[in-house]
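Colleague: I'd like to go through this one with you. Please keep it simple.

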Amino acid sequence: LSSSSGLTHESHRKDVEQVYLRCSEGSIEWMYPTGALIVNLRPNISPASYKHLTVCIKPFKDSAGANIYLEKTGELKLLVRDGDRSPSRVYCFGYNQGGLFVEATPQQDISRKITGFQYELMSKGIAADLHTASAPCRPCSDTEVLLAVCTSDFVIRGSIQNVTNEAEEQESVIHVGVNKLYRQKSKVFQLTGESGNWRGQIKTLLECGVKPGDGDFLFTGRMHFGEARLGCAPRFKDFQRMYKEAKDKGLNPCEIGPD
């Protein structure tokens with residue numbers, strides 16, 4: 001978390017402050033914004049790898065007081081306009097496309113404004129998985145499922161307990177009962193209640209039209225801004241079939257033990 005306050009620059013409203021961030025994910029909070037911030041993301045990796053990175057930002061729900069631009073060699077491209085209340089909107093761009101320039105907008109009372117956003121740096125391949133514009137609801141092929149099992153942030157066998165739709169955010173929340181936990185990067189799926197059942201929530205696009213249904217699924221996906229995002233999710237019996245076929249041919253990319 002990086003914090004800054006514009007009140008220390010009250011007499012210099014045109015000040016530009018440089019911020020350097022070394023973490024691959026985190027957040028910026030700019031209280032009482034005046035002037036501008038240049039946000040320099042400098043992850044602890046080889047500069048030669050920068051070209052393979054995608055940057056994503058997600059403004060706080062109540063973020064206000066500044067415009068957020070993508071800046072390269074003095075040219076500004078507006079990313080987030082002050083006052084834009086698009087809930088859960090995520091803005092992504094290639095690392096080499098430029099840096100972030102956050103400019104305060106004129107305010108009568110800056111003490112009531114806080115500009116803030118989360119950010120994540122990821123490989124372009126992972127970003128493409130999360131933001132597949134062409135066919136986000138397309139079923140995965142056998143090969144894609146088997147690869148997802150090896151590379152996803154979470155892999156579970158479970159059933160759909162309920163689905164709640166968030167029309168404003170254009171998302172569906174899948175409430176999952178977990179029968180077997182193969183892997184999870186963050187503690188999204190946890191033991192709940194006296195019964196000791198594992199449960200958790202996975203988000204996906206509203207347009208995919210996920211409905212509650214009988215039977216078990218293999219849920220895979222990635223963590224994105226602290227939330228589990230759905231990747232491939234075949235019926236578990238279909239996954240068992242494709243896993244066995246690949247194993248018999250020596251083609252499965254990793255071992256998981258699907259029983």
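Colleague: Does Glu207 count as buried or exposed?
Modeller: Exposed, because Glu207 has 61% relative accessibility. The cut-offs are under 20% relative accessible area for buried, over 50% for exposed, and partly exposed in between, with a 1.4 Å probe and protein chains only. This is a predicted model: local features need pLDDT of at least 70, side-chain atom pairs count only at pLDDT 80 or more, and totals for chains, interfaces and linings use all residues. Residues are numbered from 1 along each chain as its sequence is written, and side-chain values use heavy atoms, with hydrogens and water left out.

Colleague: Where is Glu207 placed?
Modeller: Glu207 is in the loop between β14 and β15 (217-224). Helices (H or I, at least four residues) and strands (E, at least two) are DSSP runs, numbered from the N terminus.

Colleague: How far apart are the C-alpha atoms of Glu207 and Glu171?
Modeller: They are separated by 7.8 Å. Along the chain, Glu207 and Glu171 are 36 residues apart.

Colleague: What about Gln201, where does that go?
Modeller: Gln201 is in strand β14 (residues 197-205). It counts as partly exposed because its relative accessible area is 45%.

Colleague: Which residues is Gln201 in contact with?
Modeller: Leave aside its neighbours within four places in sequence. Then Gln201 is in contact with Val173, Ile174, His175, Val188, Phe189 and Ala228. Contact means heavy atoms within 4.5 Å. As for Glu227, that residue is 26 residues from Gln201 in sequence and 8.4 Å away in space, C-alpha to C-alpha.

Colleague: Let's switch to helices. At what angle do α2 and α3 cross?
Modeller: Roughly 90°, and their axes come within 10 Å. So α2 is roughly perpendicular to α3. Helix α2 covers residues 142-151, and helix α3 covers residues 236-248. Axes are lines fitted to C-alpha atoms, for helices over the stretch in contact, and angles run from 0 to 180 degrees between N-to-C directions. Under 35 degrees is roughly parallel, over 145 roughly antiparallel, 65 to 115 roughly perpendicular, and the rest oblique.

Colleague: Which residues meet there?
Modeller: From α2, Asp142, Val145, Leu146 and Val149. From α3, Phe239, Arg241, Met242, Tyr243 and Ala246. By class, the contact has 7 nonpolar, no polar and 2 charged residues. Here Ala, Val, Leu, Ile, Met, Phe, Trp, Tyr, Cys and Pro count as nonpolar, Asp, Glu, Lys and Arg as charged, and the others, Gly among them, as polar.

Colleague: What about Arg241, how far is it from Asp142?
Modeller: Their C-alpha atoms are separated by 9.6 Å, and they are 99 residues apart along the chain. Arg241 is partly exposed, with a relative accessible area of 37%.

Colleague: Next, the core. Which residues touch the most other members?
Modeller: Leu41, Ile57, Leu79, Leu100, Val102 and Phe117, of the 25 residues in the largest nonpolar core. Such a core is a set of buried Ala, Val, Leu, Ile, Met, Phe, Trp, Tyr and Cys residues joined through side-chain atoms within 4.5 Å. Beyond four places in sequence, Val102 touches residues including Trp30, Leu37, Ile68 and Phe117.

Colleague: What is phi of Thr73?
Modeller: Near 45°, a positive value in a residue other than glycine. Thr73 is in the loop between β6 (66-72) and β7 (75-80). It counts as exposed because its relative accessibility is 73%.

Colleague: And what is phi of Gln170?
Modeller: Near 55°, also positive in a residue other than glycine. Gln170 is in the loop between β11 (154-166) and β12 (171-184).

Colleague: Which residues have pLDDT under 50?
Modeller: pLDDT stays under 50 over residues 8-12. The model has 5 contacts for them beyond four places in sequence. pLDDT is the predictor's confidence in each residue, from 0 to 100. The protein averages 86, and 88% of the residues score at least 70.

Colleague: Last one. How many helices and strands are there?
Modeller: There are 3 helices and 16 strands. Of the 259 residues, 41% count as buried.
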